[in-house]
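Have the sequence and the 3D view open, and follow along as we go.

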Amino acid sequence: MIFERKTKDQNFLKVVWFPIGVILTFFVVASTAGFGPAFYVIGGMFLLASVMPFITFWRTRNAGFLAVAMYLVFIGLVCISAPPAIKDKSEVGLIPLFLVGMYGLMLVVAYLGFNRKLKWRGQEVFELAAMSVEDTGDSFTARPRPTGQVPISKTEMIRFVDFITTNLIAFAFREDNRIVFVLTLPGNDIPYLLGIKKDYLEDTWVAIDYDGNVSVNITQEDYLLFKQDLDFDQLCQSLGNVFIEFLELSKNGRESQIIDRMNALRLNPFL
Amino acid sequence: MDYKTAAQLSAYLSKDYSEDFFKLLVNYQDISASEAASRLSMHIRTAQDFLDGLTALGIVNKTEVHEKKRPYFRYNLTTEKIMLEVDLNEFAKENPGEGLARLVREMKNVGANFTVARSGNYFSAVTIWEGDGRERKVHKISLTTPQGKFLFHLPFPQARPLSIADVMENAGVEPDYSTEIQDIVDELARLGVIEIV
């Protein structure tokens, strides 16, 4: 699909800060205390870092993050087991097993990563919403907007929420009378996953109540993601329509088409 | 009786000493401010102001007298009954239906903050900042549920404006609420939050 990108590229540092940090730490510790302590330190870092994908898996039920967590655990175990083996080859212990696990999981994680299964898809949803908006003009306003109605049963809603959450399209807040889907960009998901942020009012969201009323709120920060000042009214309406379309596809059991539509945008799988 | 006169009269009737004052006025043929003040143990200025206020409302008559000294005033009641009747219909908007055809939308770059109600489908308040610098003040207007629903469905700036009646219909607000909707529209238009096209 050929289309004109309407959102700006995300900062590359959001993705590379952790590997760069690990490498820098390794060399700093190695130059001051030797390679043994350096391996222990970065091994500890990987084990600590594995907590976050575990939490993501627990909150979203996205099995890909379980693979990421296990991958980080295996790297950590390899690093921690390495120093005795470097000193004495007979102390290899379980390292070969850890290495097999690490390389196997690395292939799995790479496959999932390149297939966009580990990426919060907020930007892709924004792109889909912006696709039909051609008018421009300074028209931002910081208030939600009703965008339509879609008939939905509670069972269909539960299924839709599970799909949206598992596929990292949005983070769902369950309220008494509605579900609020908060659109998340890569790197902005941590406060929600850790449960630090319990209020979505200052974020971009799409809410669907159990009567099927859809309303949309786009924050100024997210509005600035677009390259142009798109007509705000049309953009909100379009975002609501995207979710209504997703919901209709989900009701008809055609969720794979939702993923296909987003994959067809061919945005960077890691940003 | 118009509302302003009724409000003034009510203010006099609500004074702590008004009942005692009227007892004097009913039972005396006439009385001066100094006599009333000494009788009720109050400052003469307070008594004078009260009697002058009642004079202005036509409840008391004021007569200047000369008794070999400098002239002064004596007061006597002109009526034995005070009827306080206010017709609140005078506040009703004339032809409320006409205003419903006005096209409205949100004003551009207004900077007002709309607070979403708990249920999420309407606003509970609008906060507007007025003035500049140190004079800047926050003006928060709490909304009734119909007003909150109406504003939730108000077209965005630059969107096609809709008539008040259409916005009410979209918001599911009954026509019975049209006067309170127009009241908030007029107020927010005055504050520069709503644009009447």
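How many bridges join strand 4 of chain A to strand 5 of chain A, and do they run parallel or antiparallel? Strand 4 and strand 5 (residues 213–217) of chain A are joined by four bridges, and they run antiparallel. Keep in mind that this is a predicted model.

For the model, the scores are ipTM 0.76 and pTM 0.76. Chain B has an average pLDDT of 88, with 96% of its residues scoring at least 70.

## Chain A in outline

Start by zooming out on chain A. Its C-alpha atoms fill a box of roughly 70 × 40 × 35 Å along the principal axes. Inside chain A you can pick out eleven helices and five strands.

Chain A has 271 residues, and 39% of them count as buried.

What about the neighbours? Strand 3 (residues 178–182) of chain A runs antiparallel to strand 4 of chain A, with five bridges joining the two. If you want a pair to click on, Val180(A) has Ala207(A) in strand 4 as its bridge partner. Towards strand 5 of chain A, Val206(A) stands opposite Val216(A).

Strands 4 and 5 of chain A also make a hairpin, with three residues between them. Find Gly212(A) in that turn: its phi is positive, about 90 degrees.

## Helix 10 of chain A

Next up is helix 10 of chain A, which runs over residues 232–251.

Is helix 10 of chain A mostly covered or mostly open? Mostly covered, since 14 of its 20 residues are buried.

Chain B is divided into domain 1 (3–77) and domain 2 (93–196). The C-alpha centres of these two domains lie 48 Å apart.

Chain B also has an open sheet, made of three strands in the order 8-4-9 with antiparallel pairing. Its edge strands are strand 8 (162–163) and strand 9 (194–196) of chain B, each of which pairs on one side only. Strand 4 (residues 103–106) of chain B is joined to strand 8 of chain B by two bridges, and the two run antiparallel. Here the pair to look for is Val104(B), which stands opposite Leu162(B) in strand 8.

## Where the chains meet

How many residues of chain B are in contact with chain A? There are 14, and they touch 18 residues of chain A. Sorted by class, the chain B side of this contact has seven nonpolar, five polar and two charged residues.

How values were computed:
Residues numbered from 1 in each chain as written. Chains lettered and ligands numbered in written order. Predicted model: local features only at pLDDT ≥ 70, side-chain atom pairs only at ≥ 80, totals over all residues. Domains from an automatic or database assignment. Contact = placed C-beta atoms within 7 Å. Nonpolar A, V, L, I, M, F, W, Y, C, P; charged D, E, K, R; others polar. pLDDT = per-residue confidence, 0-100. Buried ≥ 20, exposed ≤ 12 C-beta atoms within 10 Å, placed from the backbone. Pairing = 2+ DSSP bridges.
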